[in-house]
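Here is a short report to read with the sequence and the 3D view side by side. Take your time and find each spot as you go.

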Amino acid sequence: MSEELEAREIAAEQHYVDEVYVQLEATTQNAKALAAEGRNRGRLEHEGGLVERDAMVFQAAKRIAQLDAAQEGLVFGRLDLDPSIDVLPRYIGRIGVRNADRDVLLIDWRAPAAGVFSQATAATPQGVVRRRVLRSQHRTVIGVEDELLDDQALNRSGADLPIVGEGALMAQLSRARDRSMHSIVATIQAEQDKAIRAPGKGVVSISGGPGTGKTVVALHRAAFLLYSDRRRYEGGGVLVVGPSGVFMRYIERVLPSLGETAVALRSLGEVVGGLRATRHDEPAVADVKGSSRMAELMRRTSRQHAPGAPTSFRIYWRDDTIVLDPGLLGRLRRQLMSQGRRNRQLPRVARTLLDAMWRQVQGERGRERGREAFDDDMLGHAGFVEFASAWWPPLDAKTVFGWLRDPEFLSRVGEGVISREEQLLLAKSWAADSVAIEDVPLLDELRYALGDVPQRTDDERDLDETGLLEGGVDLQELTTISEREYAPGGLAWSAPTHRIEDDGYAHVLIDEAQDLTPMQWRMVGRRGRAASWTIVGDPAQSSWPDAPEANRARLDALEGKELHEFHLSTNYRNSAEIYAFAADYAQRVGLDADLPDAVRRTGENPRVVGPVDDLEAAVRSAVTETAGRVQGTVGIVVPVARRSEVKAWLASWPELASYAAGARAAVDSSVTPSGEDRVVVLTGLDTKGLEFDGIVVVSPQEIEDESATGRATLYVVLTRATQLLTTVG
């Protein structure tokens with residue numbers, strides 16, 4: 001192939017791409033004009049104008065965001081078909097674009113007409129003669145890669161279709177990685193496309209070994225579902241859950257680049273509204289908190305008497321002394337609990353207390369006055385109102401979770417559920433001020449066990465100024481009363497801004513599903529009761545030690561849903577040399593690993609450095625060499641106990657200062673790498689779902705030894721590199 005031919009083909013494609021961008025700009029300006037018109041509608045001094053304004057501005061802003069996100073590499077594909085099907089080429093892009101006459105300039109990759117771009121093969125060309133991938137930087141076409149799928153059709157047609165390049169897939173695989181995942185829409189292979197376009201109902205399970213593209217296929221599937229049934233999925237919401245904040249930042253550009261911006265991306269520490277946890281517990285503690293036994297512990301906790309709340313009440317009325325003693329109050333509490341979640345019983349509390357108190361009225365004067373007068377007098381008595389509000393206060397999950405910081409309280413509710421040794425581990429963990437990622441499912445469990453506080457309408461509030469009778473609860477009034485020190489740790493009640501009924505989604509996507517604990521499955525499962533699901537994972541990479549327990553929780557979360565299974569068999573990430581090294585380790589240590597075929601060779605075998613006398617010097621040498629030989633990112637993977645130490649090393653190495661600008665300011669372990677850092681320090685669990693051009697593994701034996709699933713973690717680490725892998729220690 002001559003350079004002149006390639007330049008000519010690139011110039012022709014650039015001409016067409018320029019035409020598409022001109023139309024994109026016109027569409028963007030139209031959307032901005034619509035937004036301006038919507039804002040003007042708001043100047044009409046009536047409610048209808050405001051409604052029209054909000055609707056128009058919202059829709060216009062959404063369209064502008066979609067158009068802006070699709071700017072990079074907008075046009076990526078071209079199909080030349082058998083002339084008996086179509087004599088004009090079809091251009092495929094991240095979104096659909098029409099010209100002023102409504103003629104199609106660019107077909108959205110998710111449209112049925114574009115499906116053949118990924119599905120056609122040389123064995124089954126489906127009418128495609130030539131498939132071309134356009135490689136671009138910003139708006140400039142820098143290369144084309146062709147595949148001739150049907151040479152017989154080409155010969156029959158006599159068309160002049162030159163074949164340029166070495167194939168789009170291999171070109172994509174050799175590119176340098178940066179700190180974000182990119183879409184693979186231009187190079188989706190047939191087995192990946194089947195999973196992307198699978199039925200929208202039930203559960204789609206995508207399995208496969210390292211580097212098979214499970215994550216990016218799942219994200220493309222989310223974009224495809226939004227395109228194919230926008231009303232359902234955008235209206236109900238799509239929730240994408242990943243293992244860590246680092247991972248979520250890594251994938252956050254994929255869906256916008258595919259034309260989708262209406263998706264909630266949440267790490268496991270952010271699934272519950274209002275909470276954001278970033279630190280992991282030590283493995284022994286995490287194993288306890290993740291167990292399904294914790295559901296019973298949280299249920300028991302939610303049913304306990306609020307610490308510091310009154311245990312008795314006495315009042316004289318007419319001729320009778322009325323007493324609510326601890327025994328009677330205990331029976332009333334059990335009665336209320338039997339009727340449903342604790343907070344849901346708030347409207348019944350006053351009536352239940354008044355019924356028990358009225359039964360003690362025996363005097364003639366009291367009986368003559370009657371029940372209605374009795375209720376009026378009690379509800380007008382400040383002592384009774386304060387007692388009722390303090391005896392059964394509205395509770396939120398953070399407050400009740402704070403009760404568990406008291407070792408005596410924990411021992412009482414934990415009896416028969418967790419051992420004494422496990423109680424000590426939990427007590428030590430909960431002595432810390434911050435919430436761990438493993439605590440988030442526990443808080444969610446409490447939140448559901450307690451239930452939302454029923455809210456009182458304005459009319460109900462006017463009829464009952466105490467806020468204690470049936471029909472709802474005046475949150476403002478009860479909040480004032482309940483902000484007392486009921487909870488160790490000073491966690492005060494505040495009216496929730498996010499309610500349980502808001503948790504449902506239309507689609508839930510779980511990545512690295514093999515790592516979810518039983519409690520995390522319960523948490524995510526609540527958000528997908530009526531949803532379709534996409535679940536991505538590889539059991540051999542699991543960091544949860546009790547696979548059968550997690551599988552039972554997974555089955556409970558997906559109960560009643562039809563399962564569609566897809567398996568990806570080709571490793572596109574690792575070079576064959578690197579994956580052979582990782583696969584050999586997996587077989588040697590007895591992991592039941594899914595071993596995909598690696599399709600790319602570099603001639604670079606992994607290096608093993610060690611044993612070494614000076615670990616810092618050896619790591620410094622390995623990192624410097626790796627960073628100098630690759631153009632993209634380098635990951636230094638360390639045992640948890642060495643994270644701060646190695647970050648300090650990196651910050652002190654002047655030859656790497658330009659590669660790791662954030663290292664000097666991020667020596668403490670709570671800070672994650674910035675998007676600009678070429679060289680980053682991560683633990684084994686942090687690397688889940690990520691990939692780097694080069695990986696330097698520090699003290700691999702320590703990574704293997706630090707947890708019950710350390711072998712699986714080290715296997716994951718060994719499969720993160722695309723070009724160079726070095727182990728030191």
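## A partly exposed glutamate

Glu-604 has a relative accessibility of 28%, so Glu-604 counts as partly exposed (partly exposed lies between buried, under 20% relative accessible area, and exposed, over 50%, with a 1.4 Å probe and protein chains only). You will find Glu-604 in the loop between β16 (597-598) and β17 (607-609); strands are DSSP runs (E) of at least two residues and helices are runs (H or I) of at least four, numbered from the N terminus.

Leaving aside residues up to four places away in sequence, Glu-604 touches Glu-577, Arg-629, Gln-723 and Leu-724, where contact means heavy atoms within 4.5 Å. With the side chain of Arg-629, the Glu-604 side chain makes a polar contact at 2.2 Å (a pair of N or O atoms within 3.5 Å, one able to donate a hydrogen and the other to accept it; residues adjacent in sequence count only if both atoms are side-chain atoms).

## How the model is read

This is a predicted model, in which local features need pLDDT of at least 70 and side-chain atom pairs count only at pLDDT 80 or more, while totals for chains, interfaces and linings use all residues. Residues are numbered from 1 along each chain as its sequence is written, and side-chain values use heavy atoms, leaving out hydrogens and water.

## A covered strand

Now look at β18 (residues 634-638): 5 of its 5 residues are buried. Val-634, Ile-636 and Val-638 lie on one side, with Gly-635 and Val-637 on the other. Parallel to β18 runs β19 (residues 679-683), joined to it by 5 bridges; strands pair if DSSP finds at least two bridges between them.
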